[in-house]
Protein chains: 4
Amino acid sequence: MRKVCVVITARPSYSRIRSALETLKARDDIELQVVAAASALLDRYGSVVTEIERDGFEIASKVYMVLEGEQPSTMAKTTGIGMIELATAFDNLQPDFVVTIADRHETLATAVAAAYMNIPLVHIQGGEITGSIDEKVRHAITKLSDYHLVSSEQARERVVRMGEAPETVIVTGCPSIDIAARILDAPALEFDPVHKYGGVGAKVDLSNGYLVALQHPVTTEHELARRHVHETLHAAADSGIPALWFWPTPDAGSDGTSRGIRAFRESHDPSNLHFFKNMAPEDFLRVLYHSSCLVGNSSAGIRECSFLGVPVVNIGGRQLGRDRGPNVLDVDHDRGAIADAIRKQIAHGRYSSDSLYGDGAAGPRIADAIGRIEPRIHKRLNY
Amino acid sequence: MRKVCVVITARPSYSRIRSALETLKARDDIELQVVAAASALLDRYGSVVTEIERDGFEIASKVYMVLEGEQPSTMAKTTGIGMIELATAFDNLQPDFVVTIADRHETLATAVAAAYMNIPLVHIQGGEITGSIDEKVRHAITKLSDYHLVSSEQARERVVRMGEAPETVIVTGCPSIDIAARILDAPALEFDPVHKYGGVGAKVDLSNGYLVALQHPVTTEHELARRHVHETLHAAADSGIPALWFWPTPDAGSDGTSRGIRAFRESHDPSNLHFFKNMAPEDFLRVLYHSSCLVGNSSAGIRECSFLGVPVVNIGGRQLGRDRGPNVLDVDHDRGAIADAIRKQIAHGRYSSDSLYGDGAAGPRIADAIGRIEPRIHKRLNY
Amino acid sequence: MRKVCVVITARPSYSRIRSALETLKARDDIELQVVAAASALLDRYGSVVTEIERDGFEIASKVYMVLEGEQPSTMAKTTGIGMIELATAFDNLQPDFVVTIADRHETLATAVAAAYMNIPLVHIQGGEITGSIDEKVRHAITKLSDYHLVSSEQARERVVRMGEAPETVIVTGCPSIDIAARILDAPALEFDPVHKYGGVGAKVDLSNGYLVALQHPVTTEHELARRHVHETLHAAADSGIPALWFWPTPDAGSDGTSRGIRAFRESHDPSNLHFFKNMAPEDFLRVLYHSSCLVGNSSAGIRECSFLGVPVVNIGGRQLGRDRGPNVLDVDHDRGAIADAIRKQIAHGRYSSDSLYGDGAAGPRIADAIGRIEPRIHKRLNY
Amino acid sequence: MRKVCVVITARPSYSRIRSALETLKARDDIELQVVAAASALLDRYGSVVTEIERDGFEIASKVYMVLEGEQPSTMAKTTGIGMIELATAFDNLQPDFVVTIADRHETLATAVAAAYMNIPLVHIQGGEITGSIDEKVRHAITKLSDYHLVSSEQARERVVRMGEAPETVIVTGCPSIDIAARILDAPALEFDPVHKYGGVGAKVDLSNGYLVALQHPVTTEHELARRHVHETLHAAADSGIPALWFWPTPDAGSDGTSRGIRAFRESHDPSNLHFFKNMAPEDFLRVLYHSSCLVGNSSAGIRECSFLGVPVVNIGGRQLGRDRGPNVLDVDHDRGAIADAIRKQIAHGRYSSDSLYGDGAAGPRIADAIGRIEPRIHKRLNY
């Protein structure tokens, strides 16, 4: 019985790995250990852990690690606390493999703890280009990992060029596309987002089209976060189109963004914006699928929306360098430019589906790979 | 005034960086901040911090971070504690650049803390091939670093192939060779090692040639550490040649090695082995220079000894894949094979000097590079 | 020059110590070192640190220590992180005395760090009776402290009975009364709370009397927190009297209380309740002074309100055992009982001022005591 | 089934609790959870955990928490790390009671973690007078504890005077006397200490009487530790009587003591001193029973030796204020005074047994009390 420990540290990582978790859980030869950690445990970020449990996964360990403060130093310290706490969790769970997802500091904490504890490490979503601190962290995790389950051929090529042995790099597609594929199969929006999720702000009528907005702070410019989000808020408010705005995930600077949103609400009381703290991933994608346009800097615009064909106005440098489909219009943090791009995208309407990031079967492929790979922890630069 | 913070976490990292520190300290345009951390602060490992101060460097901050236990989990936790504590130190010192050396877990703690605190990070000794966990950690640090001051052209090529921008990778040579170069200039051994450093074990007569032995545990096989060191101890004891044996630095498993040494001393009471806890780096190299052969798995055998022309019997996989000169004979953990190799190396005698790892001027080149580079923290995979 | 380090970890501790800080700062023979820590640094709790700086105090060190989660285990871990981080701060600041206030876990972290670092520790507000975990912590801090500056004769007697040497226990009065005394001197309410502090909820007219409500969770019953706060919310909403409701400070369970408040707002949309996150201490007291009644379980009801003569409905066990004046009516967590008590208190109107907790000159007395006491760290049970 | 978690953090605490553990383990209605923590896990201190397992107790959790450095700041940080790590252990084990022993910083970490996690806390050995930092810590733990199992009537009286409810304070006697009682029942020394435990130093003949020496550093004077131990070493060496010297346990300054011992050995090479790192508690007591005199500052001199009737030369202030029997001669850190006292005690010979600290049945009484007490965590100063 192969013990596979998947560490989930934030909403997006759960969203991306869920279809793989389902396949792993269904296998007889694998004991799935789900560790819920960091913001996945916190109310402020919508208590992802509750969703995980509701989806039928047992939590093997809860690892609190977020040091409040949203400063660069508290990000470093949060990473350190995570390492300390995850080492204990791994010691108790004794997994045969640890699985870590993407590029956040909690992901790095997972990777370092597993590496020093001599547990073979599987990284999902290596080889992608982002920017800012995530760029460094993602590739550092690649160097600490023993296996790489990547989203695309381009990602595979990059991981191999970084010196990883080709046989350890497997293209599975991005598991986030799996959920998107379910939406395409049955796209009806059967619930009222406000009725189901509450939220605050204006009452909005979604029947004639609506925007979805989601803007994360860009870590290394956290003083600018507030100004940045104001440009987007102005563009969204001024458009007059009903918009569903989603709160950002925690990071150094999320505070700037969050305060920016709060300040804007108080001073402008926008009549077309409704704000949500969180939403179940599938519901979010469904809402996204039916929207006229996604505005902001979420990676969902790059990944899921390319598959769903949803028009995207991508703002600023957060997704710079990521492979993208034709559905993405890039603009700067400027309300005028954002407003123009929204108009263009609405005029264009839905794009055709693009399988750049996967075809919807990543979950089973990931589970299959994890069930098959040899436990190994020694590696050497492949040059 | 450019504030440059160099973090020294262990004896070897001090030994390697000292000549660069001297040059940095002498410059008017640079404020040198020396942080002493981890085993560099501990008595058990010879209180390197005392040496640093004796050499005229002021300590800007002392960072205690070693969690006792010598388990894989305590290595992970030590890394986490280091991150927490170094973040505070960087917050207080506000350096313009952080410099980190080589591939240990404390080095990784330094790199992660600097990266998340948006401080440009300079890595010394990237691009080298080692093995075991160090292999992963070294290249992960490369991915977190903004500049790479490397030892050799081969190292440079590897770092660039990993996706680092060529203009950020500078060949300086390995600073450890700088100290070796001073030995070559004035090779006389003017002190009696036992008289100066004490130690325990047999009285040894060094006048007719002697061995130097230094064996570190190989992290991920820490149960084997004891057996491994016994093979070497038997070979050294059975050779009858006087030998100076140096205690290993701390690591998961050093305990196995250390206990192995203690058990061997008690049961065999070898009449030709004298044991030292530590030695000033220059004294160590001088003793090494005059030895007939270095036995063990120290990287000094690969680096400094290639330049000094000292014959080396390198045991096991710890240095696997590292570029090496003709002075190195590789053998397995087998007392017979080790004994044979010692005989061969003594028969061969001194090798000619090889500048594979540098020509003795790395320190000034490192200081020059650090004084010249632009502060930058954004980077992107260079593919 | 005597270096005195005052650690401020939460809004109430700043509120209570401010008048002493002013006197300490004005002295020539004392170097005041203000450390801002824990929730005093966090936006979620109103960024007390900003107020401290605005009041003219320089921050010597910022210590982030709150591990998010609001679980019993995260309270323990927060205390541990505080100890680690405060030890570093004390090492850097090298104070001659550390001053800690009241009974929270951050206060305990301060006390333990100072005790193990051999720094004489001054505790403010020892010897009082509270309840729940605070009861244990307050007296544990007494046993770790070298000097005790207490609020009342009763408190002094208790500290001495616990075995502290009488000469180390000094009655200064509670410094929180000092601010209250300024209000009595010039009671005019010159600002509109909603205009100055914003907040959310109903528009309220304060001209015909209003309630102030503030309810903290009771730590060891954190599942009940939500139910408890609902009783109070119902009583306040049903009274129809305009009420200013203040958000609780962070603790295990504050989440229960906070969620309770949020849920009530959404489901009941009360037309007479306005909610504030925080207020400058003096403004808060001024608003309190003009209110018809304070409802909840805040210690301000016990201390400041006895001096200000404000009627108080004190709910549940949080203040159980604390010395109280005639202005306090104690009731259980029951909406009917709370409503009755509110009616009674409004019928009674303002009480006469009681100096049970001090006469308004605690600050200078505290500063005087700190300037006078001998540095000592050895003590022995005085039986 | 009542789950009782006993945290063992050092050799002496195991020694003292062992007889209670045996009784607890034998009970059907109690599930014993032994947590091994701090120096109990470390090789440097004789791997107490191995002994615990050899004695038939299963280890429920291993908690590494010692931050190397032996500085005041590392003691504070070790306490903080302990709190973080023990909170996780308690979260996993979910005990109904936590049992903590004596007065060390790891004991305090245990107490704080249990208190904040709302687990009823049982303290063993409260109410005793020691001195230095331990004095503060012991009574602080009393204030955090819910039950107090004390050694003597005097201790009981002190705990009650500190404000604890009388019904929560139970005189059990000190469990360390239980082991001593077994020695008195069957006193034969059936093993050769050097043969069984090795150690280093002179070959000593124990047949004509011998000294036992054990000296701990006094925490808050850690620079003096080296000078202090030299006085004792000189007195012991100069006496010419064979002496068995035991290495101290870890603490800030143990380094001073340890270095002092090492330096003395190298410079004086004493011909009558043999040094041990550790010994099983029962073996140690047996060796002690047969000795002519115990020299140093160990609490064993105060407790076990009063029961065993062994003459004790107690040096310096470490045991100041502790209740003691007639077998103890107190002297200052002065080699002449120590030598005199040794002579007097040897001239006097064995004392009669004194039951000041218990009668040998503390273990069953402790187990009985723990099986009987009500789980409660609320308390209030009993004045």
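This is a predicted model: local features need pLDDT of at least 70, side-chain atom pairs count only at pLDDT 80 or more; totals for chains, interfaces and linings use all residues.
**View 1. Helix 3 of chain A packs against helix 4 of chain A.** Let us start inside chain A. Helix 3 (residues 72-93) and helix 4 (residues 105-116) of chain A have axes 8 Å apart and pack at an angle of about 45°. The two helices of chain A are therefore oblique to each other, and their crossing is right-handed. On the helix 3 side, look for M75(A), T78(A), T79(A), G82(A), M83(A), L86(A), A87(A) and F90(A). They meet residues of helix 4 of chain A that include H105(A), E106(A), L108(A) and A109(A). Sorted by type, the residues of this contact are 10 nonpolar, 5 polar and 1 charged.

**View 2. Helix 3 of chain A also meets helix 4 of chain B.** Here we step across to a second chain. The axes of helix 3 of chain A and helix 4 (residues 105-116) of chain B cross at roughly 145° and come within 8 Å. This crossing is right-handed. P72(A), M75(A), A76(A) and T79(A) are the residues on the chain A side, and V112(B), A113(B) and Y116(B) are their partners in chain B. The contact is made up of 6 nonpolar residues, 1 polar and no charged.

View 3. Within helix 6 (residues 153-161) of chain B, the buried residues are A155(B), R156(B), R158(B) and V159(B). The buried residues of helix 6 pack against helix 5 (132-144), strand 6 (147-150) and strand 7 (169-171) of chain B. After helix 6 of chain B comes G163(B), with a positive phi near 110°.

**View 4. S39(D) sits in a loop of chain D.** The loop that holds S39(D) runs between strand 2 (30-37) and helix 2 (48-54) of chain D. S39(D) is buried, because 26 other C-beta atoms lie within 10 Å, and 20 or more are enough to count as buried. S39(D) and V49(D) are 10 residues apart along the chain, and their C-alpha atoms are separated by 9.2 Å.

**View 5. Chain D touches chain B.** At this meeting place, 14 residues of chain D are in contact with 14 residues of chain B. On the chain D side, helix 3 (72-93) and helix 10 (254-268) each supply at least two residues. That side of chain D divides into 5 nonpolar, 4 polar and 5 charged residues.

How values were computed
Residues are numbered from 1 along each chain as its sequence is written. Chains are lettered from A and ligands numbered from 1 in the order in which they are written. Two residues are in contact if their C-beta atoms, placed from the backbone, lie within 7 Å. Helices (H or I, at least four residues) and strands (E, at least two) are DSSP runs, numbered from the N terminus. Ala, Val, Leu, Ile, Met, Phe, Trp, Tyr, Cys and Pro count as nonpolar, Asp, Glu, Lys and Arg as charged, and the others, Gly among them, as polar. A residue is buried if 20 or more other C-beta atoms lie within 10 Å of its own, exposed if 12 or fewer, and partly exposed in between; C-beta atoms are placed from the backbone. Axes are lines fitted to C-alpha atoms, for helices over the stretch in contact, and angles run from 0 to 180 degrees between N-to-C directions. Angles under 35 degrees count as roughly parallel, over 145 as roughly antiparallel, 65 to 115 as roughly perpendicular and the rest as oblique. A crossing is left-handed if the near helix is turned anticlockwise from the far one by less than a right angle, and right-handed if clockwise.
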